[in-house]
Amino acid sequence: MEFVTILLVVIIVLAAIILKKTIVIIPQSETKIIERLGRYYNTLEPGINVIIPFIDQAKTLVAMSRGHYVYTDSIDLREQVYDFDRQNVITKDNIQMEINALLYFQIVDPFKSVYEINNLPNAIEKLTQTTLRNIIGEMELDQTLTSRDTINTKLRAVLDDATNKWGIKVNRVELQDIIPPATVLQAMEKQMQAERNKRATILTSEGEKQAIILQSEADQRAAVNRAEAAKQQAILQAEGEAQARIRRAEAEAIAIDKITEAVGKSTNPANYLLAQKYIQALQDIAAGDKTKTVYLPYEATNVLGSIGGIKDLFKE
């Protein structure tokens with residue numbers, strides 16, 4: 001009885017083991033390579049799959065997990081990222097620096113990724129490192145520091161072409177860190193400081209130059225405005241004097257007309273005006289400084305004529 005019980009337990013255990021090895025459940029975005037008696041047989045799809053236990057075996061391969069190599073029989077078909085350690089590279093101008101790269105890739109052909117390469121993660125890492133050294137070796141330091149996109153594009157193109165036979169699709173490559181030596185960093189810092197000082201000096205001189213130009217333009221405009229103002233003032237003053245002379249002439253003409261009306265047509269008004277001016281001049285001489293000697297031009301004919309005109313005027 002006990003033998004029968006033990007036999008039943010053994011049969012149940014064997015059945016469970018056989019059932020477990022017969023039914024293989026594959027998660028979504030994963031697959032397994034099945035070998036039958038050591039030869040490739042099938043690539044399992046996500047879901048429930050049935051295989052022959054002890055005859056069909058899943059192929060074991062090397063994968064990268066959290067920065068370490070591990071052995072697994074499942075192939076992850078999702079996009080994966082490898083964060084490689086920093087490596088030393090030398091630029092075209094013989095500057096040694098450290099570079100850290102990120103690689104985003106995806107397995108598109110599980111068969112090739114298993115049978116075309118022995119250690120896929122290690123092969124990708126070494127290929128990335130050597131390709132990166134070749135690309136950086138063709139560029140100078142300044143170009144390397146300012147051309148990350150160019151480096152990423154070249155590196156992705158080379159890796160994608162090289163890994164195509166491994167069933168790998170390289171989607172993109174990103175350079176995380178580019179670290180030059182400390183001495184180079186100090187020299188670059190001094191150079192940037194010198195460039196900043198140079199730009200500051202140039203900007204200051206340009207500002208002073210512009211200020212001088214603007215000041216000279218302002219002085220020129222001010223001088224032009226002053227000249228225009230003086231011109232306008234002179235024009236207005238001349239016009240004013242002309243208007244005043246015209247007004248005085250008009251007033252004298254009116255006065256002569258009034259005098260003509262007053263003295264009558266028989267008397268020459270010029271004689272009247274001359275007599276008036278003569279009398280006014282004598283009054284001015286009499287009211288002047290008594291100690292001074294006044295010399296008057298003496299023309300007997302003119303004086304007599306004036307006196308005669310005055311006489312005739314008063315006679316009228």
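Strand β1 is joined by 4 bridges to strand β4 (residues 47–50), and the two run antiparallel. Strands here are DSSP runs of E with at least two residues, helices are runs of H or I with at least four, and both are numbered from the N terminus; two strands pair if DSSP finds at least two bridges between them. The model is a predicted one, in which local features need pLDDT of at least 70 and side-chain atom pairs count only at pLDDT 80 or more, while totals for chains, interfaces and linings use all residues. Residues are numbered from 1 along each chain as its sequence is written, and side-chain values use heavy atoms, with hydrogens and water left out.

Within this pairing, Ile23 has Val50 of β4 as its bridge partner. Buried means under 20% relative accessible area, exposed means over 50%, and partly exposed lies in between (1.4 Å probe, protein chains only).

Ile151, Asn152, Leu155, Leu159 and Asp160 are the buried residues of α5. They cover an arc of only 150 degrees around the axis, and therefore sit on the same side of α5, the arc being that of the directions from the helix axis to the C-beta atoms. On the other side of α5, Asp149 and Asp161 are exposed. The cover over the buried residues of α5 includes β11 (96–107), α3, α4 (141–146) and β12 (168–179).

A nonpolar core is a set of buried Ala, Val, Leu, Ile, Met, Phe, Trp, Tyr and Cys residues joined through side-chain atoms within 4.5 Å. The largest has 34 residues, of which Ile99, Leu103, Phe105, Ile124, Leu132 and Trp166 touch the most other members. At least two residues of this core come from each of β11, α3, α5 and β12, and α3 gives the largest share, 7 residues. Apart from it lies another core, of 5 residues, among them Ile26, Ile34, Leu44 and Ile51.

Finally, Asn118 lies in the loop between α2 (110–115) and α3 (120–137). Asn118 counts as exposed because its relative accessibility is 74%.

How values were computed
Contact = heavy atoms within 4.5 Å.
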